[in-house]
Amino acid sequence: MQLVTYERNNQRSTGVLTATGVVDLPSASHGAIPGDMLDLLRGGQSVLAQAREASGAGSPIPLADVQLKAPIARPGKLLGIGLNYADHAAEGGRKKPDYPLIFAKTVPATIGLGEAIQLPPVSQMVDFEGELAVVIGSLARAVSAQDALDYVAGYTICNDVSARDYQRRSGHTPGKSFETFAPLGPVIVTRDDIPDPHALDIRTVVSGQEMQHSNTKHLIFQIPYLIEYLSHIFPLEPGDVITTGTPSGVGAYREPPRFLKAGDTVRIEVEGIGVLENPVVAG
Ligand code: ZN
């Protein structure tokens, strides 16, 4: 099931994306399913089961009549994992880490499909990072890797946009938290539809040129371990998002470097999830 947040006539709601359009979940469930994705996810597996049922009952709104938004506008926590593909660590001259490198993206809000990444005038080194992201579905506190996937609602795509100059000067959180630096979506594919999140092809294309192409089988720290590790530091809550790291091919380590410029488009494809594409504009 592909969960979306969408807008129609300036009204925001939750829906299920089907082959013929978007089924509005609050109306298809006679108000039982919340129109806000965080509230929906807080309902846990029972609400997801209701959504699955409602998506078959409701009549879809054609995709042309809606605007898909980021599935979760303001995740409680948006956590990033650094250096989680060996080839990306190596291209930056770093060795494979012994423990996960964790940072917070403290963006004011995520952005959705088609919304613009704004280049901050103060940075000359804005870069792209195509990533598989995990959406937490229930409260995970000190859970074991063995049980960790039970706490996952589903998966989406994140572009972990990064201002390398600020990242080098001031650390991961400032470098990765400029406004619009978290494109997310376009859908959350529920866990039942992604039986193995460590077998997904991932590809980033910037203005028609392929920059990154890998597979999530190359993650150094896999999702169950990340959830175990993180949930022993702080509780993970429904709607929290963990973006799992990027493979090699980012702009900063290319020869010559290829930073984003106004007029670019960044397209990230993750197998089984879809395509997240965003234009780049001057901020
Ligand atoms: Zn990243």
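Reader: How exposed is Y166?

Author: Y166 counts as partly exposed, at 21% relative accessibility. The cut-offs: buried is under 20% relative accessible area, exposed is over 50%, and partly exposed lies in between (1.4 Å probe, protein chains only).

Reader: What kind of model is this, and how are residues numbered?

Author: It is a predicted model, where local features need pLDDT of at least 70, side-chain atom pairs count only at pLDDT 80 or more, and totals for chains, interfaces and linings use all residues. Residues are numbered from 1 along each chain as its sequence is written, and side-chain values use heavy atoms, with hydrogens and water left out.

Reader: Back to aromatics. How many aromatic pairs are there?

Author: Five. Rings of Phe, Tyr and Trp (its six-membered ring) pair if their centres lie within 6.5 Å; planes under 30 degrees apart are stacked, over 60 edge-to-face, the rest tilted. The Y166 and F178 ring centres are 5.3 Å apart with planes at 85°, so this pair is edge-to-face.

Reader: Where do Y166 and F178 sit?

Author: Y166 is in helix α6 (residues 164-170), and F178 is in the loop between α7 (172-175) and β12 (184-190), so the pair ties together parts 12 residues apart in sequence. Helices (H or I, at least four residues) and strands (E, at least two) are DSSP runs, numbered from the N terminus.

Reader: F178: buried or exposed?

Author: F178 is buried, with a relative accessible area of 17%.

Reader: What lies over the face of Y166?

Author: R169, at 4.5 Å from the ring centre. The rule wants NZ of Lys or CZ of Arg within 6 Å of the ring centre and within 35 degrees of the ring normal.

Reader: Now the metal. Which residues coordinate the zinc ion?

Author: E129 (OE), E131 (OE) and D160 (OD), at 1.9 to 2.1 Å. E131 lies in strand β9 (residues 130-136) and D160 in the loop between β10 (152-159) and β11 (162-163), so the pair ties together parts 29 residues apart in sequence. Both E131 and D160 are buried. Donors are N, O and S atoms within 2.8 Å of the metal (3.2 Å for Na, K and Ca); water is not among the atoms, so sites may look incomplete.

Reader: And what does L3 touch?

Author: Its partners include V16, L25, M37 and L40, leaving aside residues up to four places away in sequence. Contact means heavy atoms within 4.5 Å.

Reader: How many helices and strands in the chain?

Author: Eight helices and 17 strands. Buried residues make up 55% of the 283 residues.
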